[in-house]
Amino acid sequence: MQIGELADRAGLSLRTIRHWEEEGLIVPSARSVGGFRLYSGEDFERLLLIRRMKPLGFSIEEMRELLATIDALDADADHPDHPARARLAGFVAQALERREKLRTQLDMADEFVERLRGI
């Protein structure tokens with residue numbers, strides 16, 4: 001698929017996708033004869049992973065590190081004691097912690113809305 005279709009399917013702007021390309025987070029799988037970026041289903045899934053990290057406050061460098069960890073595991077999936085597994089576990093722990101912080105903020109926002117409704 002071309003970048004426009006990718007952006008539509010992912011719910012992202014072309015600018016965001018191009019920025020993430022510049023940062024090395026996503027790379028088009030190919031180029032068309034006319035030079036257009038072409039993306040695969042795997043590229044789309046990678047983009048969704050990046051998009052899901054954003055609300056949790058992961059930095060570009062953290063995103064890059066997680067993607068490298070996932071790539072390392074994909075390249076050597078049969079190795080149960082792969083060092084990347086520990087790094088992945090660290091990212092899971094961070095994501096859970098950040099999710100809990102967001103949940104607390106959402107609870108506070110709900111409480112705020114209810115207080116306003118009560119005025």
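Me: Axes here are lines fitted to C-alpha atoms, for helices over the stretch in contact, and angles run from 0 to 180 degrees between N-to-C directions. With that in mind, at roughly what angle do the axes of helix 1 and helix 2 cross?

Reply: At roughly 105°, and the axes of helix 1 (residues 3–10) and helix 2 (residues 14–22) come within 9 Å. Before we go on: this is a predicted model, where local features need pLDDT of at least 70 and side-chain atom pairs count only at pLDDT 80 or more, while totals for chains, interfaces and linings use all residues. Residues are numbered from 1 along each chain as its sequence is written, and side-chain values use heavy atoms, with hydrogens and water left out.

Me: What makes something a helix with a number?

Reply: Helices are DSSP runs of H or I with at least four residues, strands are runs of E with at least two, and the numbering starts from the N terminus.

Me: OK, so are helix 1 and helix 2 roughly parallel or roughly perpendicular to each other, and why?

Reply: Angles under 35 degrees count as roughly parallel, over 145 as roughly antiparallel, 65 to 115 as roughly perpendicular and the rest as oblique. The angle is roughly 105°, so helix 1 and helix 2 are roughly perpendicular. On the helix 1 side the contact (heavy atoms within 4.5 Å) uses I3, G4, L6 and A7, and on the helix 2 side L14, I17, R18 and E21. By class these split into 5 nonpolar, 1 polar and 2 charged. Ala, Val, Leu, Ile, Met, Phe, Trp, Tyr, Cys and Pro count as nonpolar, Asp, Glu, Lys and Arg as charged, and the others, Gly among them, as polar.

Me: Which residues of helix 3 are buried?

Reply: D43, F44, L47, L48, I50 and M53. Buried means under 20% relative accessible area, exposed means over 50%, and partly exposed is in between (1.4 Å probe, protein chains only). They pack against helix 1, helix 2, strand 2 (37–38) and helix 4.

Me: Why are helix 4 and helix 5 called oblique?

Reply: Their axes cross at roughly 135° and come within 9 Å, and with that angle they are therefore oblique to each other. This crossing is left-handed. Helix 4 brings E62, E65, L66, T69, A72 and L73 to the contact, and helix 5 brings A84, R85, R87, L88, F91, Q94 and R98. Those residues divide into 6 nonpolar, 2 polar and 5 charged.

Me: How do you know whether T69 is buried or exposed?

Reply: The relative accessible area of T69 is 1%, so T69 is buried. T69 sits in helix 4 and touches A84, R87, L88 and F91, leaving aside residues up to four places away in sequence. Over in helix 5, A84, F91 and R98 are buried, and what covers the buried residues of helix 5 includes helix 4 (60–75).

Me: Why does L38 count as partly exposed?

Reply: Its relative accessibility is 25%, so L38 goes in the partly exposed class. L38 is in strand 2, and its contacts include M1, Q2, P28 and D43. L38 and P28 are 10 residues apart along the chain, with their C-alpha atoms separated by 5.6 Å.

Me: What makes H79 partly exposed?

Reply: A relative accessibility of 36%, so H79 gets that label too. H79 lies in the loop between helix 4 and helix 5.

How values were computed. Left-handed = near helix turned anticlockwise from the far one by under 90°.
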